[in-house]
Amino acid sequence: MAGPGGSRSVSGSLWRTVLMGAVGALMLFVGSLGVGWLASVSPLRQVPVIIAMRFTTTGAIVSILLLAVGGMLLVREWLRLGQKLSRWGPGSGRWVLIAIAAWSAPMLVTIPLFSRDVYSYIGQGRVMASGLNPYEHGVSTIDNFFQLGADQMWSESPPPYGPLFLWLEQLVVAVTGANPDAAVLWFRALCVLAVIACMWLIPRLARLHGINPARALWLSVANPLFLTNFIVSVHNDAIMMALALAGTYVAAVHRNWKGGLAGTALVTLSVAVKPITLVFLPFIGLLWAGKNASWTRRFVVWFLTLVCALALLGLMGLLNGFGFGWVAAMSTPGSVSIWYAPVGLLGGLASALAAAVGADAGQWRGTVHSIGQALAVPVILWLMFTGRDERIIRRLTWAFAAIVLFSPMIQAWYVVWLIPLFAVTGIRSDWQVDVLFFLTVFFMVYAVSDQLDVFPYLDLDLSSGRLIAAVVALSYGVYLWFLDPATGRRLRGRSEPPVRSAVI
């Protein structure tokens with residue numbers, strides 16, 4: 001046990017890690033002034049410091065460098081925090097909470113980075129406020145939609161969101177008058193509330209599985225991918241996951257009809273934000289059925305779960321007048337692909353092969369994507385019907401992971417969906433943490449170099465800006481993995497916290 005001097009030394013070291021992570025988050029904030037997503041009509045464009053950062057070549061380059069270095073510095077300090085708290089004893093949870101608070105603070109006022117989806121939320125809210133059906137009318141039907149920041153690529157696409165989030169969009173637009181800057185802050189406030197809910201739920205779900213709650217919180221909420229995607233990028237996935245985790249926790253703690261109904265209702269509300277969490281419902285049914293339930297009881301409970309979910313979704317569809325219009329819109333994200341997703345890569349290869357032989361490249365690519373997505377179904381069914389009772393939530397985690405892995409498009413926030421679930425059911429301090437570290441580095445490198453709002457009339461074009469960000473961030477990532485004296489591959493440590501057997 002360390003003496004007073006040793007305790008002060010450890011405390012000082014932890015404070016340095018927290019402070020340096022906050023510096024990284026502050027660098028993201030300053031960088032966002034120059035290359036973050038800002039609506040064309042925003043009065044912030046008239047602020048002198050933003051003019052200097054956004055409308056000069058030097059300012060844009062400085063912003064890109066701050067973004068790349070700040071994001072990677074945040075990743076490093078997240079890993080260092082876990083190393084310094086490797087024993088996960090009393091007081092470790094306090095340090096994780098301090099780090100989350102310090103790193104999140106600059107993000108609360110950061111101009112949106114890595115995604116401009118929040119501006120589409122504003123556009124969809126305006127469609128709702130106009131009395132139109134957003135599943136039939138894109139945001140381009142509303143005047144001045146592009147000036148309010150929405151991505152033109154999605155101007156005619158139906159929103160892949162359920163009725164609950166459409167109401168939230170309408171509410172924010174009503175409160176802010178569709179002012180883009182105010183609306184961004186309101187949507188961010190909703191996401192922050194969701195993050196706080198996750199901070200409450202994750203330690204409790206971890207305890208149910210005998211997992212150290214502080215470590216689970218570090219792996220998930222303190223993770224830079226979690227904070228940047230749910231706070232900086234203002235993704236509604238934060239609300240979706242908070243509701244899904246809440247429903248899972250209630251169903252796991254109260255394995256009876258009351259807990260089952262409440263869990264089903266909460267997960268259904270999550271579905272009413274983004275329908276992807278429909279995959280939770282069969283596993284909520286297994287928790288509802290109770291331990292060692294017969295197959296007859298399981299099928300009855302699955303039927304009741306489905307009926308309750310459809311009734312609640314049907315009621316919401318009746319109230320907003322759009323019915324189940326979100327079902328058709330679910331195909332919107334699946335219509336695109338990306339090179340690093342396994343199915344997306346295979347689709348690209350199939351497209352190239354088709355072009356070489358004179359066949360329909362689009363048809364071949366679409367067929368591969370459809371087959372890939374269909375492969376998730378038998379995996380989910382296998383996990384529903386096999387496995388131990390105490391591993392139901394772990395089985396749910398892998399079912400959710402199957403949807404992500406077999407998708408032709410894997411965004412950074414898709415990975416963030418999975419991190420809390422894996423964290424609460426167990427991520428070992430060996431190659432498993434290495435995988436999480438690699439994914440965190442990879443998606444941070446990709447994020448800081450992918451979506452940059454570079455003013456088109458500078459000497460620096462968008463491609464050059466992305467190249468600068470990619471080279472800097474990738475170099476930092478390689479340094480972290482191989483060369484950093486503290487985080488290098490051979491020096492990261494392998495101490496594993498005690499893990500008890502699951503209790504659910």
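Biologist: What share of the contacts with a separation of 6 or more comes from residues 24 or more positions apart?
Modeller: In this predicted model, such residues account for 74% of those contacts in the protein chain.

Biologist: And how many residues are buried?
Modeller: Of the 504 residues, 56% count as buried.

Biologist: What radius of gyration does the chain have against a compact globule?
Modeller: The protein chain has 23 Å. A compact globule of 504 residues would be near 23 Å, so the two agree. The C-alpha trace spans about 70 × 70 × 55 Å along its principal axes.

Biologist: How many helices and strands?
Modeller: 21 helices and zero strands.

Biologist: Which domains are assigned?
Modeller: Domain 1 takes 13-113 + 428-493, domain 2 takes 114-331 and domain 3 takes 337-408. The C-alpha centres of domain 1 and domain 3 lie 30 Å apart.

Biologist: What about confidence?
Modeller: The mean pLDDT is 90, with 94% of residues at 70 or more.

Biologist: Where does pLDDT stay under 50?
Modeller: Over residues 1-5, for one. Residues 494-504 also stay under 50.

Biologist: How many contacts beyond four places in sequence do those stretches have?
Modeller: Residues 1-5 have one. Residues 494-504 have 33.

Biologist: Switching to cysteines. How many disulfides?
Modeller: Zero, from a search of the whole structure. C198 is in none, and its nearest cysteine sulfur, that of C191, is 10 Å away.

Biologist: Is C198 buried or exposed?
Modeller: C198 is buried, because its relative accessible area is 1%. C308 has 28%, so it is partly exposed.

Methods
Residues are numbered from 1 along each chain as its sequence is written. This is a predicted model: local features need pLDDT of at least 70, side-chain atom pairs count only at pLDDT 80 or more; totals for chains, interfaces and linings use all residues. Side-chain values use heavy atoms; hydrogens and water are left out. A disulfide is a pair of cysteine sulfur atoms within 2.5 Å. Buried means under 20% relative accessible area, exposed over 50%, partly exposed in between (1.4 Å probe, protein chains only). pLDDT is the predictor's confidence in each residue, from 0 to 100. Contact means heavy atoms within 4.5 Å. Domain bounds come from an automatic or database domain assignment. Helices (H or I, at least four residues) and strands (E, at least two) are DSSP runs, numbered from the N terminus. The radius of gyration is taken over C-alpha atoms; the globule rule is 2.2 Å times the number of residues to the power 0.38.
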